[in-house]
Amino acid sequence: MNKQFSADLLLLLYAVIMGVTSVVLKIATQELAVFNFIALRFLLAFLVSFIIFRKRCGGIFSKDARKHVLIVGVVTYLAHVTCTGGISMTPVSVAGFLTSLQTIAIPIIAFLFMHRRFERKTLLCITGAFISICLITIGNHMEYGTGMWICLASSALAGLQILLVERYLAMGDDPVALTVGPLAVMALCGILTALPISGIRLPSTASGWLCIVWTGIISTAFATYIQAYAQRYTSAVHTGIIFASIPVFTLIGGKLVFHEYFSSRAWIGTALLLFCIVVMECNAGRQADARMQVEKRV
């Protein structure tokens, strides 16, 4: 089993975890204030990660690593905040598909800020993705307009985070430093935000504690390390291909737990969105893999 295939399997596991997490976040925001929940989640994630990787945390304090850790931590925190807020105002199934647009955001951000080219096919897929959003949200889902925009902001921030991790790993940063360090930044941001807004209170129910444990340990500490480790052996756009499966797991969870209804128009939009993501990312993935092979030969 080569490293590329192993990395793809780890990223698929990440996709399953994040799909389930969308359902968990919906439950959590029904029991806890958003910023209170976020603070507890990231604090637990940091403590668990630090205990596990404490002997390898020295790399966090180098000059370059400190700057990278701070940038990744702030961007990831904003991505999680907008994701949690968007899910609290939007059906889980709709939020899952909107946040999957991080795979569309990756080549756009790379083109605008990293001068990476993309073909006309990408532009057509982006147009198709916009049409699919209209189909998913129009009509019965129009009242979720604010949540829709928050979810889209989350997808853009998540795409930026993936590109930043790819760039810093290519510069030689340790995956552990890009796991524990950003979690410390996220925990601090969460606490500083929660204290003046909602305060910090522990969950009073078993389901509340389960949400904190799942999101803190599994979908934050464990999943963050999976992403940082796996992206050493694959590209950001290739990662986007696998992450396109996240909304599928989210949709399954939303239907099983919340019995959410999707209109026929929304199903058409969903199919179009997945088609655009897969077509665009398969094309981008081949280009990225070719570029990586050239870089290895050089």
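Predicted model: local features only at pLDDT ≥ 70, side-chain atom pairs only at ≥ 80, totals over all residues.

Start with H1. Helix H1 covers residues 3-31, which is 29 residues. From first C-alpha to last, H1 reaches 41 Å. Where does H1 bend? At Ser22, by about 25°.

Now the pairs. The helices here are H2, residues 34-53, H8, residues 177-197, and H9, residues 206-230.

Take H2 and H8. Their axes come within 8 Å and cross at roughly 150°. Angles over 145 degrees count as roughly antiparallel, and H2 and H8 are therefore roughly antiparallel to each other. The crossing of H2 past H8 is left-handed. Which residues of H2 meet H8? Phe35, Asn36, Ala39, Phe42, Leu43, Ala45, Phe46, Ser49, Phe50 and Phe53. On the H8 side, the partners include Leu183, Met186, Gly190, Ile191 and Ile197. By class, this contact of H2 with H8 has 16 nonpolar residues, 5 polar and no charged.

Next, H2 and H9. Again the axes come within 8 Å, and the crossing angle is roughly 50°. H2 and H9 are therefore oblique to each other. H2 passes H9 in a right-handed crossing. From H2, the contact uses residues including Phe37, Leu40, Arg41, Leu44 and Val48. From H9, Cys211, Ile212, Val213, Gly216 and Ile217 are among them. The contact of H2 with H9 divides into 13 nonpolar residues, 5 polar and 1 charged. Arg41 of H2 is in that contact, and Arg counts as charged.

Last pair: H8 and H9. They pack at about 140°, with axes 8 Å apart. That angle makes H8 oblique to H9. H8 passes H9 in a right-handed crossing. Which residues make this contact? From H8, Leu178, Thr179 and Leu183. From H9, Thr220, Ala221, Thr224, Tyr225 and Ala228.

To recap the handedness: H2 passes H8 left-handed, H2 passes H9 right-handed, and H8 passes H9 right-handed.

Technical notes. Residues numbered from 1 in each chain as written. Heavy atoms only, no water. Helix = DSSP H or I, 4+ residues; strand = E, 2+ residues; numbered from the N terminus. Expected span 1.5 Å × (residues − 1). Bend = angle between axes of the 7 residues up to and from the residue. Axes fitted to C-alpha atoms, helices over the stretch in contact; angles between N-to-C directions. Parallel < 35°, antiparallel > 145°, perpendicular 65-115°, else oblique. Left-handed = near helix turned anticlockwise from the far one by under 90°. Contact = heavy atoms within 4.5 Å.
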